[in-house]
Amino acid sequence: MVVEEGAAVLGATVPVRRRAGRSPSAGAPAARFRWPLAGTPRVVRRFDPPPQPWLAGHRGVDLATTPGVEVRSAGAGVVLFAGTVARRPVVTVGHADGLRTTYEPVRPGPAAGARVAAGTPIGLLIAGHPGCGAPACLHWGLRRGDEYLDPLALLGLGPVRLLPLDPPPAGPATQPRASRVGSRTASRSYSSGVL
């Protein structure tokens, strides 16, 4: 079996593939990004996008921590926004390949237009994120254009699926007609986790 990870090659829909039990190479694209908090924070709420863009959902992940901790840029880029949206302080960083990460509620550090490297402090976390059971939670989001993506995919922690090593036989003649009706064929792309 081959394990396909949601943290694919940035800018393309080409997933990172590896044999089960082996770790990805050090030069993998996911290494360009890191956690926005020191260490490995606890994820208290995962990415749960709505079935339709206008419906309610959770368009990021919530990371448990304490108020006042330093929030860092997950990757190199430019601060696109540092201010208030709907009475919540937000920082948005633009990265290569049209990706944007968002961080809230964060008292901003660098102003819009500042260049940042992965790990550069971009503000201090404040308490008050709705639905957070910890003393404070960082809501970390990821977008490409209008599409919300799972930010854990930047770290190689997106959805994992097992795929066969050999592709299925091609052509409709190899599959009986009765079995095709109402069946679902697995796809190698995963739009909500592949970057």
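Begin by selecting arginine 88, which counts as partly exposed because its relative accessibility is 34% (buried means under 20% relative accessible area, exposed over 50%, and partly exposed in between, with a 1.4 Å probe and protein chains only). This is a predicted model, in which local features need pLDDT of at least 70 and side-chain atom pairs count only at pLDDT 80 or more, whereas totals for chains, interfaces and linings use all residues. Residues are numbered from 1 along each chain as its sequence is written, and side-chain values use heavy atoms, with hydrogens and water left out.

Arginine 88 lies in strand 7 and glutamate 104 in strand 8, so the pair ties together parts 16 residues apart in sequence (strands are DSSP runs of E, at least two residues, numbered from the N terminus). Glutamate 104 counts as buried, because its relative accessibility is 14%.

Next, select aspartate 97 and arginine 32, whose side chains meet in a salt bridge at 3.6 Å, N to O. This pair links distant parts of the chain, 65 residues apart, with aspartate 97 in the loop between strand 7 (88-94) and strand 8 (99-104), and arginine 32 in the loop between strand 2 (16-19) and strand 3 (42-45).

Finish with aspartate 146 and arginine 143, which also form a salt bridge (3.6 Å, N to O); aspartate 146 is exposed at 71% relative accessibility, while arginine 143 is partly exposed at 22%.

How values were computed
A salt bridge is a side-chain nitrogen of Lys or Arg within 4 Å of a carboxyl oxygen of Asp or Glu. Helices (H or I, at least four residues) and strands (E, at least two) are DSSP runs, numbered from the N terminus.
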